[in-house]
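Colleague: I would like to learn how pockets should be read in a model of this kind. Could we go through them one by one?

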Amino acid sequence: MSLPPLSSERAVAVIGTGAMGSGIAQVAAAAGHPVRLLDARPGAAAKAVEGIRAQFSKLVDKGRMSADAAASAGTRLSAVDALAELADAALVIEAIVENLDAKQQLFRELESLVAGDCILATNTSSISITAIGAALQGPGRLAGLHFFNPAPLMALVEVVSGLATAREVADCLFATAKAWGKSPVHAKSTPGFIVNRVARPYYAEALRLLQEGAADAATLDALMREAGGFRMGPFELMDMIGHDVNFAVTRSVWTAFFHDQRFLPSLIQQELVDAGFLGRKSGRGFHDYREGAPRPQPATEATLPLAAMPCVCGDSAAAQALAARLAAAGVRHERSDSADGRIATAGGAALFVTDGRSATQFASERQLPGTIVIDLALDYASATRIGIAAARQCPEPSLREAVALLQAAGLQVSLLNDVPGLAVMRTVAMLANEAADAVNQGVCSAGGADAAMKLGVNYPLGPLEWADRLGAAAVREVLMHLGAAYGEDRYRISPLIQQAFFAGRSLHD
Ligand SMILES: NC(=O)c1ccc[n+]([C@@H]2O[C@H](COP(=O)([O-])OP(=O)(O)OC[C@H]3O[C@@H](n4cnc5c(N)ncnc54)[C@H](O)[C@@H]3O)[C@@H](O)[C@H]2O)c1
């Protein structure tokens, strides 16, 4: 159903004019609304108005806004001192301190003041919309309108419905966010909404890999970027967000899900918080940002010569890309079918894309001592680095041949300890699993989950798009093997992935 957005003549009130409130007020004013700003700190709202006008001037300098538009948007902003001055607002967006009592009290006061059809919205990142709404006589008019930081630049807005939120209210906010040039997605009020829930495995699996000694932080970061196609590696990203903030979000989601193992926080991060190593802002986190500190370098295998003629096997995406890369580099190789799923043979090495088993387990079960598993890449044709692991049974010369083959194809090779599922595959399977559960539990649609992760945290592909590309069978197999390897409920497979597998359908059906 497509409802009209709030008309741009209607006034919008923004309460709390810190980082988020200012950005949201800027967006609303640029979209044509008269915007009233209010903050509890004396002078803060007036300062925010000045700041937003300065932002408009900068946009004019950069040619991204006309001088006329900037001037009129600037005049639509006004700072007010009392709640009573917001009485004519058609929409109030709250962006005050992240505290349930404070938010409930504010909305209680507002309810008796604004018109009956005024929509009340909260920008909370982590508080239940249902719980905030419980303070109201008419909780149907309250919804979450969750912008991302910085609000003027980030396209995603989660429109979050609590148990009592009226459908027309959520629809009107959705249409309004769209009219403001944003990309809204609907979400049900559950811990973390979409982004802060589905993104948890990006950090959690990385922390586990580090804890198990799969590789160091710089190597895992490089793999997630250069093979996984993510904009930032998990450790550098946590260092940027701040470990205090990231750990608090993890704890809050874990607690809100009644300590579900899926969301278990990491002792490694607890240690960093305890030490005050909060990341960039404190000069030190996983990486060292103090002046003169060396940039962390990923572990990369030294270049080795190919001793034997390699053979690329089968026509999987990985095999095709490997053959094309070898051909482009002028490296002679044979081609053959693949009877057992291997993508290549080099000397005594047999290379397989990981299916969630360790190389050692795989080698034992297949009676193939020369087993090498390679990690997932977003695009094997353009990846610049690949992670691999060798079975414990693998003879050293076979491992050297495998490394030489991948290097001949133009890849930097990072040799990981033999952990199940390696880095990219394990992370992507768990992201898809979490997104699938969110969809299965009615939190959002599959398209909404994908859009949220691409727009909210810049993932190169939506987790469910990625899972469809790999196939539900492959994702399920990885998760099954991880579950068997660790014996933990954490890796339980989402019913949506099971359904898609057994029905032979896409996760978007
Ligand atoms: N910072 C982020 O990245 C981010 C992203 C999305 C959502 N959020 C959410 O947005 C909200 C605001 O976050 P922020 O980062 O802008 O915080 P902030 O500390 O920068 O700003 C909060 C502002 O609210 C004012 N304030 C506090 N209590 C008030 C009250 N009762 N009445 C009026 N004003 C009051 C403060 O003076 C301050 O200016 C929080 O709910 C937060 O969880 C933050």
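Colleague: Which helices and strands each supply at least two residues of the lining of the largest pocket?

Modeller: This is a predicted model, in which local features need pLDDT of at least 70 and side-chain atom pairs count only at pLDDT 80 or more, while totals for chains, interfaces and linings use all residues. Residues are numbered from 1 along each chain as its sequence is written, and side-chain values use heavy atoms, with hydrogens and water left out. Rolling a probe the size of a water molecule over the atoms shows where empty space is left. A pocket is an open set of points on a 1 Å grid over the protein atoms alone where a 1.4 Å probe fits, with protein on both sides within 12 Å along at least five of seven lines, and lining residues have an atom within 4 Å of a point. Here the contributors are α1 (19–30), β6 (142–147), α7 (195–198), α8 (200–211), α10 (234–241), α11 (243–256) and α17 (446–457), where helices (H or I, at least four residues) and strands (E, at least two) are DSSP runs numbered from the N terminus.

Colleague: Which residues are the closest to the centre of the second largest pocket?

Modeller: Of the 26 residues in its lining, these are Ser-316, Val-353, Met-425, Leu-470 and Ala-474. Helices α18 (463–470) and α19 (472–486) are among the elements that each supply at least two lining residues there.

Colleague: Where does the charged end of Arg-208 sit?

Modeller: A charge sits over a ring if NZ of Lys or CZ of Arg is within 6 Å of the ring centre and within 35 degrees of the ring normal. The charged end of Arg-208 lies over the ring of Tyr-486, 5.8 Å from its centre.

Colleague: Which residues form one aromatic cluster?

Modeller: Rings of Phe, Tyr and Trp (its six-membered ring) pair if their centres lie within 6.5 Å, and planes under 30 degrees apart count as stacked, over 60 as edge-to-face and the rest as tilted. The whole structure holds 10 aromatic pairs, and Tyr-202, Tyr-203, Phe-230, Tyr-459 and Trp-466 make up one cluster.
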